[in-house]
Every structure is written in C-alpha cells, then in structure tokens.
Amino acid sequence: MIEICRNESGVKVKGHAGFAEMGEDIVCAGVSALVQTLISSIEELTDDRIEYVIEPGWVDIKHGNLSESAHLLIDSFFIGVQMIADEYPYNVSIDQG
C-alpha cells in the first residue's frame, strides 16, 4: 500500500501500491506522476524552496513557510491522490494530519 502523509513541514509518500507487477502498476504510476509534478511545479512556478528525497518506494518533501501558490499546488496534489485512493482504497491511503 502507498501511504501519503501531510504535516506542517512537508509531504511523505511511502510504499508500493501492489496493484500489479512492477513496471505495470497503474496506481504507482499515477501517484508517481502526481508527486513528480508537485515537486516540479513548486520549483518552477513559485519562489518557494523545498528539499526532497526520491527513492524507490519513498518520497520525502520538506518545506518551510510556503506561499499561497505552493499551498494551492499541494492542495491540488491531494485532490489528485484522493481521487486515486477513492478508486483504489486497498492500494492508497492518505493522512492529512
């Protein structure tokens, strides 16, 4: 299961969906695309600074005080992953603190 957690200092994504074999898992692919889009969007569309680590089965995004634009991007990310979690509740769980 992919676990997505939001707290005041960042966003963490850990685990594997287990929906299909590696390389064929549409749930993992969907979450991965949203995570990578979130990171790139914050970096390219805002002046906010974030730190992040991306490893297989693990993403840790850390931030300080964010602009309204960055918060909007994070909210948009959570709308997307919630849609995936709604369709695949046994593969994705979300904790927004």
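Ser41 is buried, with a relative accessible area of 16% (buried means under 20%, exposed over 50%, partly exposed in between, with a 1.4 Å probe and protein chains only). Ser41 sits in helix H1. Beyond its neighbours within four places in sequence, Ser41 is in contact with Thr46 and Leu73 (contact means heavy atoms within 4.5 Å).

This is a predicted model: local features need pLDDT of at least 70, side-chain atom pairs count only at pLDDT 80 or more, and totals for chains, interfaces and linings use all residues. Residues are numbered from 1 along each chain as its sequence is written, and side-chain values use heavy atoms, leaving out hydrogens and water.

Now the core. The largest nonpolar core has 24 residues (a set of buried Ala, Val, Leu, Ile, Met, Phe, Trp, Tyr and Cys residues joined through side-chain atoms within 4.5 Å). Ile2, Ile4 and Phe77 are among those with the most contacts inside it. Strands E1 (2–7), E2 (10–14) and E4 (58–63) and helices H1 (26–45) and H2 (68–87) each supply at least two residues of this core. Helices (H or I, at least four residues) and strands (E, at least two) are DSSP runs, numbered from the N terminus.

Next come the charged pairs. The count is three salt bridges (a side-chain nitrogen of Lys or Arg within 4 Å of a carboxyl oxygen of Asp or Glu). Arg6 pairs with Asp75, with the closest N and O atoms 2.8 Å apart. Arg6 lies in strand E1 and Asp75 in helix H2, so this pair ties together parts 69 residues apart in sequence. Arg6 is buried at 16% relative accessibility, while Asp75 is partly exposed at 35%.
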